Amino acid sequence: MRELFESVGIWAGMIVSSAGGMALMLFQAIMWMFIPPLKVRNIFKQMEFVGVKSLFVVVLTGAFTGAVMALQSYNALKRFGAESLVGPTVALSMARELGPVLTGLMVTGRAGSAMATELGTMRVTEQIDALYTMAVNPVKYLVSPRILAGVLMLPVLAIVTDFIGVVGGYVVGVKMLGINSGVYIGRTVDFVKPNDIFDGLIKAAVFGLILSLVACYHGFNTVGGAAGVGDSATKSVVLGCVLILMSDYFLTSVMF
Amino acid sequence: MIKITDLKKSFNSKKVLDGVNLDIEKGKITVIIGRSGEGKSVLIKHIIGLLKPDSGQILLDGQDITKMTERELNEVRRRFGMLFQGAALFDSLTVGENVAFPLREHAGMPEADLKEVIKEKLRLVGLKNVENMMPADLSGGMKKRVGLARAVAMDPEIVLFDEPTTGLDPIMSDNVATLILDTQRDLKTTYIVITHDISLTYKIADKVAMLHEGKIVEQGDVEYVKSSVNPILRQFVEGRAEGPIKVL
């Protein structure tokens, strides 16, 4: 029994310590964003890494998600003779939920793990210590650009996922299942309001913050050589995905 | 120039530094020797403010480094250069960008002048036409040289060397030793070297200090070390398994 309490205590201590560490890192990263000189080159480099280089994976994700949504919703709606609602179902699902969430999860897998690995390697090979010795703050140089890139690029990627998802749904709904093209587009435009898209983009920005902060925190605090780097990458992906899904529920309950 | 007084540091319950006292003289090469795991790297990280001690002082020209804020430390760190054990080159940057890194961050030098300085610093460590190579393409010895070029790029007053010959073959080790001597003569800089390489120590040291069980147990010039009868120092420099130093 005592061992059980000890384990729970250690586990709770680790959670509190990680949460505190992440909050402190976020505070420092935001503070450094406003202290010149800005690391503009680093910020653009990270925006390219998080945004441009994730484009292919989110296009594929969006296209197939939209397509499968059209297929599933058609099968369900056909029973009520409401096939014309396939378009809005796909578009609303993509804009409000699937676009931001799937983008967040896919970018966590691709860019979040890479961030944690890169920073973890820099930690164990003393490159982060080298920054300190050259009077360069590693949070300003490494963390702030990554967090900024995550927050700025996730909404852009989510828009792409939304759009490609709608296109995927259109191809399946209109070209394969025979829904009238005018009805499909008209109904979609009628039902989807700008706020649906806007709220989805806010979610995406929050997910961008979560995935980049979690990855930077774990990468930055890596210990124990190559195994430690692998461990940091795994933790950043698992915790990043879980936090994205948890925060999605709370954001949705506040927004809708 | 640097006066270390009664410096203590423990990690969890393990005492690593247990009252280190040491004076580092300006413009000289001080070599700190000791077994692996004796806390040499911990000591050098205290000198540049990467670690805070549990107690004790490190005075740099009368200012206590251990009491400084991060902002004050950043000012002090501009007076330092450091060559890390694995060189710690930024692997996403080219060799030229690595050497230019501190200059770009702090010197505000025009790009045209920067290119000349990079070439000059690389020439100083015996390298030519490597500016566009990536660190991954360099041998261990070349990495150390580039690391040294980066460490002296800002013409620091003090350069710290963390095991400069570890992982190098004997010929390259001797080459690095010569490089350390030559650059120190050229730049008249204070060098602090931590190592367990005795031939390097004999070749470059103006002063040798031995760290053992968290304390400086012996210090003096090379001749003193060679003639010392201190059994701990004798066992270490002669590389014997038998003696007062216990092999675990």
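Which domains does the domain assignment give for chain B? The assignment, automatic or from a database, gives domain 1 (1-79 + 157-248) and domain 2 (93-155). This is a predicted model, in which local features need pLDDT of at least 70, side-chain atom pairs count only at pLDDT 80 or more, and totals for chains, interfaces and linings use all residues. Residues are numbered from 1 along each chain as its sequence is written, and chains are lettered from A and ligands numbered from 1 in the order in which they are written.

**View 1. Domain 1 and domain 2 of chain B.** Their C-alpha centres lie 25 Å apart. Eleven residues of domain 1 and 13 residues of domain 2 are in contact (C-beta atoms, placed from the backbone, within 7 Å). On the domain 1 side, helix α6 (residues 170-187) gives the most, with six residues; helices are DSSP runs of H or I, at least four residues, numbered from the N terminus.

**View 2. Helices α8 (residues 194-220) and α9 (residues 225-255) of chain A.** The two pack at an angle of about 155°, with axes 9 Å apart; axes are lines fitted to C-alpha atoms over the stretch in contact, and angles run from 0 to 180 degrees between N-to-C directions. Because of this angle, α8(A) is roughly antiparallel to α9(A) (over 145 degrees). Among the residues in contact are A:F207 and A:I210 of α8(A) and A:L239 and A:L243 of α9(A).

**View 3. The contact of chain A with chain B.** Chain A contributes ten residues and chain B 15 residues.

Terms used. Contact = placed C-beta atoms within 7 Å. Parallel < 35°, antiparallel > 145°, perpendicular 65-115°, else oblique.
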